[in-house]
Amino acid sequence: MVKNNNLEDISYEKCIKEAKIFLEVFSSISSKLINIKLGEDYLIEKCLEELGENTDSSRAYVFLFRDDFKYMDNVYEWCAKGVSSEKDNLQDLKTKFFPWWFKKLKDNKSIIVSNVEHMPEEAETEKETLFKQNVKSLIVLPLIYNDNLIGYLGLDNIFENKIWDKDCEFLLKITAEMFSSIFSKLEYEKQFQSIVKALDDKEKHIEGLNSQILKQNEIIKLMQSKELSKLVGLNEENFNEIIYYVLNILSLDMKIFDEVELELSKDLPSILCNKIEISQVLLNIIKNAIYEIRKKIELHSQTGQTISNNLKIKTYKENMYLVCEVEDSGMGFSEEVKCKLFEPFFTTKGLVAGTGLGLTIAYDIVTNKYNGLITASESQWQGAKFTIKLPFQQKDSY
């Protein structure tokens with residue numbers, strides 16, 4: 001009887017010790033998660049470390065589902081000393097390849113495997129994956145929030161066929177419940193931040209539009225002013241500065257381009273012109289490029305194809321002419337459209353988006369007012385290329 005009493009005492013002391021460890025782990029994990037915020041993911045992995053170390057596990061990890069359960073990713077992981085990480089190898093896993101595993105989790109059941117070799121036949125794919133990771137035993141619990149499966153929390157052992165006791169399962173269950181709430185909270189925070197950012201971007205866009213309207217109003221006032229009436233005869237202007245002036249007016253819309261290449265000759269003589277009129281020519285051509293890029297982006301967004309959106313502006317001197325080339329990587333145009341580009345009221349934008357006068361006005365200014373030349377051709381990206389040729393000197397009768 002004395003011997004039995006000693007065994008009972010030892011067993012009781014062991015239970016007390018294990019309960020104390022359990023409370024310490026639970027308390028530590030709770031304190032880390034209670035005020036967790038976006039960007040503090042390291043706290044999740046700290047919790048996994050405590051779980052792993054106090055359950056003698058090789059790995060502790062969290063997988064999250066996405067795209068309506070089509071994929072699962074190893075988002076967080078802790079590994080014991082000497083155990084290799086599998087996190088990078090366990091991304092973009094298609095759930096359809098793990099039917100047994102996924103069904104268990106969808107049914108809100110734990111997956112407890114003391115010996116991977118003894119897994120059922122229907123778990124053959126899962127068994128093969130675990131073998132590749134050298135896993136001998138594991139315990140996995142679903143992460144459920146508001147009756148929705150969002151992922152799972154698990155522990156692996158690569159050294160032995162471990163029997164996972166009830167205390168370990170209970171600790172994992174409590175942690176899984178905490179994790180479920182935390183991940184949902186972080187997801188809500190992420191969505192809230194996205195909404196705030198979208199509103200902020202909208203405000204900036206509106207501010208930009210207001211700024212653009214003010215600049216355009218300044219142009220209109222300038223065109224109507226007496227001062228401009230005096231200048232209508234022409235002035236010596238730096239053409240490259242006119243380009244920068246127009247790009248500044250369109251600064252918000254220019255963000256649509258991945259790359260804007262300016263190859264502007266530094267040796268250009270000044271050109272005799274009216275800055276406002278030449279600005280109108282460039283403005284209409286670049287706005288046309290922006291429209292074509294938007295149309296191309298919309299088209300390729302449906303196919304998921306990655307595209308590069310480019311704009312190149314080049315200036316140089318050719319005999320007695322200043323030459324400016326504006327080319328884009330937009331949709332381009334057919335030979336039939338090319339013949340009609342400068343005709344009044346011809347547009348490919350539809351009745352709402354365009355009037356068909358922008359390029360006509362540009363053509364009229366360049367050819368009729370400045371005795372120049374404007375042509376359209378295919379760009380190096382199979383988009384549109386407009387070439388403007390302007391004489392440096394104009395007739396006095398202008």
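A nonpolar surface patch of about 240 Å² is formed by Tyr244, Val260 and Leu262, where a patch of this kind gathers residues with over 30% relative accessible area and no salt bridge, its nonpolar side chains (Val, Leu, Ile, Met, Phe, Trp, Tyr) being joined within 5 Å. A salt bridge here is a side-chain nitrogen of Lys or Arg within 4 Å of a carboxyl oxygen of Asp or Glu, and accessible areas come from the Shrake-Rupley method with a 1.4 Å probe. Leucine 262 lies in strand 8 (residues 259–264), and with a relative accessibility of 31% leucine 262 is classed as partly exposed, because buried means under 20%, exposed over 50%, and partly exposed in between.

The model is predicted, so local features need pLDDT of at least 70 and side-chain atom pairs count only at pLDDT 80 or more, while totals for chains, interfaces and linings use all residues. Residues are numbered from 1 along each chain as its sequence is written, and side-chain values use heavy atoms, with hydrogens and water left out.

Six strands build an open sheet in the order 3-2-1-6-5-4, with antiparallel pairing; strands (E, at least two residues) and helices (H or I, at least four) are DSSP runs numbered from the N terminus, and two strands pair if DSSP finds at least two bridges between them. The edges are strand 3 (93–94) and strand 4 (111–113), each of which pairs on one side only. Strand 1 and strand 6 run antiparallel and are joined by 6 bridges, and phenylalanine 63 stands opposite tyrosine 152 in strand 6.

The model holds 7 aromatic pairs, counted when ring centres of Phe, Tyr or Trp (its six-membered ring) lie within 6.5 Å, with planes under 30 degrees apart called stacked, over 60 edge-to-face and the rest tilted. Two of these pairs are set out here.

| Pair | Centre to centre | Angle between planes | Type |
|---|---|---|---|
| Phenylalanine 69 and phenylalanine 102 | 5.8 Å | 55° | tilted |
| Tryptophan 101 and tyrosine 152 | 5.8 Å | 65° | edge-to-face |

The second pair links distant parts of the chain, since tryptophan 101 is in helix 3 and tyrosine 152 in strand 6 (residues 148–157), 51 residues apart. Tryptophan 101 is buried at 7% relative accessible area, and tyrosine 152 is buried at 3%, whereas phenylalanine 69 is partly exposed at 23%. Ring pairs link Tyr61, Phe63, Phe65, Phe69, Trp101, Phe102 and Tyr152 into a cluster.

The charged end of lysine 106 sits over the ring of phenylalanine 69, 4.4 Å from its centre, a description used when NZ of Lys or CZ of Arg is within 6 Å of the ring centre and within 35 degrees of the ring normal.

How values were computed. Buried < 20%, exposed > 50% of the residue type's maximum accessible area, 1.4 Å probe, protein only. Patch = residues over 30% accessible without salt bridge, like charges linked within 9 Å, V, L, I, M, F, W, Y side chains within 5 Å.
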